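Please keep the sequence and the structure in view while reading.

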Amino acid sequence: MIQTVKDLAELIRHYYGHRAVRERILEFLGQSPIDHPSAVYVCGTDGGSDPCRLELLPVFRLNEFLGRDCEIGRSLWDRQFLIADLDIDYENFDSAVEPYLNANRIFQILQPVVKAAISILGVTGIQPLHLLGGRGHHLVWAIRRDSRAFGQLADLGHVPLSLMALYERKAIEFGETIDLRLARAFAGLGMLLEFVAHSILSMAPPHCSVPIQLTAVEVGPINGRREIVSLDISEYGDPFHLRHIRVPFSLYLKLRSLTWCLGQDGVRQLLPLFEIPLGDMSLEDALRVRCDPQAVVDLATKSSVRIPDESEESLNLLLEYKKSDLASHHQDFHSDQLQLGSGTKSGVNSYQPKILPPCARWILEHPNDWLLKPGGVQHVTRTLMALGWPSRQIADLVRTQYNGDFGWNDRWLRYDAAWRAMFYVRLFSGLIEAGKDQLIDFNCVSHKEKGYCPIAECGWNLVPYQEALIRRRQHGELENRPVDRLLLEGKDF
């Protein structure tokens, strides 16, 4: 157990001073005997600072972070590769400390989901680097930017004009260019990982004791706990240059953000903790090793953490994706000629707030921060699809709310409203259309349990919306069918 802040700082300096640790970190950054690191930047955090305000430095300044008590990350942005990162995490909406206090339990919960993911990727030949963190797993692989797989991803992806304008502004700041082809390939990779997530949802739920969600969507309590396994692909719904992944053999310092509930002494009792490669270790051994600095150093002397080049194997995964129902949904979504923000074919002008139940109306009228929550976008998407709205028009409505005057400060200077709206509405409408969202919790009781019910005794009922959406899906009429007036019966407009 770490006794003082000074003790932890000395431990970190000593740990990062080991040659093997530094070699493994540089290996993950893309350095080889003949090449400089290919990652565009590294970032560092003390674990307690605002994660949106990380310091980003060129890789050659890595030592500045290693000389402090920092957790180290690397950019997904890479000069040679497109990096695929499937993040499988445990989330508890009532107890953020659960994965650290009961690690054995939560990693057992994750096991069937991780097993399904590895099996699905393995069928296509992909063998990812498997990393173990504080709350879950990362499965990471690389696709060469000169490969056929990269080209096919670029053909798949769609990027709003506003996002490209953001990338052009950032090119000056980073001294690197995110051209249209790279931007579209990153977007296409998000669509491909969405397909992997759908495949996991087809295989893993019967074997998992808690709900499995795409991103951190709240659920109601099961056995007194509001907990999920999150297939977190949210990094592909943010601008490319902002997202990074924790480096193996880095300190894991996210615990420091929990000082408010654990206290400083409580946090120190749980440190140190390290991000490590699983390799051939059993889960039990890995959970022990990740807490032991000397064991982690020993692991660094005999492990490789080079991100594997799975470019050719990714073509097999792309082939499976192209045959899927999800690919058809993506094609329909992006073939809609609505350019977000243009008003063309948009349903925004015909939007009538009073036809929505108060819970959905509240989210749209208080988007900061209700519409930033994935669960908020999910509820709006479900409700409007029940009313016959095309998913692309729902995305345009969400974008208009993001662009409204709701005290965003500089959020939409750093992020892109159109891209975020497109990504999340496409994600949740795709789950509905493919039948992966069974809509079981699309009712008032569940909505209240999830913490999204703003008005008690509002006089509305979500069940008719649930039933209407199920009927639409069964009859292949999710879009453009007239609104079922029974949904509005008895409402005073």
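Phe-249 has its place in the loop between β9 (244-246) and α9, where helices (H or I, at least four residues) and strands (E, at least two) are DSSP runs, numbered from the N terminus. The phi of Phe-249 is near 75 degrees, a positive value in a residue other than glycine, and Phe-249 is buried, with a relative accessible area of 0%. Here buried means under 20% relative accessible area, with exposed being over 50% and partly exposed in between (1.4 Å probe, protein chains only).

The model is predicted, so local features need pLDDT of at least 70 and side-chain atom pairs count only at pLDDT 80 or more, while totals for chains, interfaces and linings use all residues. Residues are numbered from 1 along each chain as its sequence is written, and side-chain values use heavy atoms, with hydrogens and water left out.

Most residues other than glycine have a negative phi, and most peptide bonds are trans. Thr-215, although it is not a glycine, has a positive phi of about 65 degrees. Thr-215 lies in the loop between β7 (212-214) and β8 (227-232), and it is buried, with a relative accessible area of 1%.

| Residues joined by a cis peptide bond | Omega |
|---|---|
| Leu-271 and Pro-272 | about 0 degrees |
| Asn-368 and Asp-369 | about 20 degrees |

Pro-272 is placed in the loop between α9 (259-270) and β10 (276-277), whereas Asp-369 is found in helix α15, which covers residues 367-370.
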